[in-house]
Amino acid sequence: MNNQFDTLIDSYINNKVGIDAFFLNENLSNGLQENILHFQRNNMMVDAGVGNSDIKDTKQKMRGDQIYWIDKSHDNIFEQEFLQLAENFIDHLNSTCYTGINSYEFHYAVYEEGSFYKRHKDQFMNDSDRKYSLINYLNVDWLEEDGGQLLIYQNQTTQKILPQSQTAVLFKSDEMEHEVTKANRRRMSISGWLKQV
């Protein structure tokens, strides 16, 4: 019997970029999107920086998104459901692919119209804890002309992924250069990393 996570894992094994168009159920995706809108209304989102706490650049021009970190201590039913899903995925990934993931971190991310994130890798130069990047999109009825595509660069080819709601994308944090093209409407996601610490 197929596990619910096999689509994401199998596509990763086949192409080094895992994609599952239905990783999040519709109710969870909508609930997480509503959380972002709530955080924005209450001025809880903060401008993203580049780097970690040791070498953070808050005046950078690489990215234009705002973020809010997810934490188990938040009393939010949708965050709790998402983190349980992530933990179940990690358990399955470890048991089938022997990855040794033992930690994670996730944040909400919103790109307002005109925002982007230039080409980069997700693993820090001074910290190799991040092993896999896992992005979950929350945008209903996203169209090509809305921009905000995820571009992944691999073997002189470029893979373009629309940030459609319920979709998850998985890749190695230290291998895949990627970028977010300029968004032409508000673009929402949960981005995070599966870690060995």
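A charge sits over a ring if NZ of Lys or CZ of Arg is within 6 Å of the ring centre and within 35 degrees of the ring normal. R187 meets this rule: its charged end sits over the ring of Y111, 5.1 Å from the centre. R130 lies over the face of W193, at 3.5 Å from the ring centre.

This is a predicted model, where local features need pLDDT of at least 70, side-chain atom pairs count only at pLDDT 80 or more, and totals for chains, interfaces and linings use all residues. Residues are numbered from 1 along each chain as its sequence is written, and side-chain values use heavy atoms, with hydrogens and water left out.

Now the ring pairs. Rings of Phe, Tyr and Trp (its six-membered ring) pair if their centres lie within 6.5 Å; planes under 30 degrees apart count as stacked, over 60 as edge-to-face and the rest as tilted. The count is 10 aromatic pairs. In one of them, the centres of F5 and F23 are 5.8 Å apart and the planes stand at 40°, so the pair is tilted. F5 is buried, at 3% relative accessibility, and F23 is buried at 6% (buried means under 20% relative accessible area, exposed over 50%, partly exposed in between, with a 1.4 Å probe and protein chains only). F5, F23 and F89 form one aromatic cluster.

W193 also has a ring partner. The centres of W69 and W193 lie 6.5 Å apart with planes at 45°, so this pair is tilted. W69 is partly exposed, with a relative accessible area of 40%, whereas W193 is buried at 7%.
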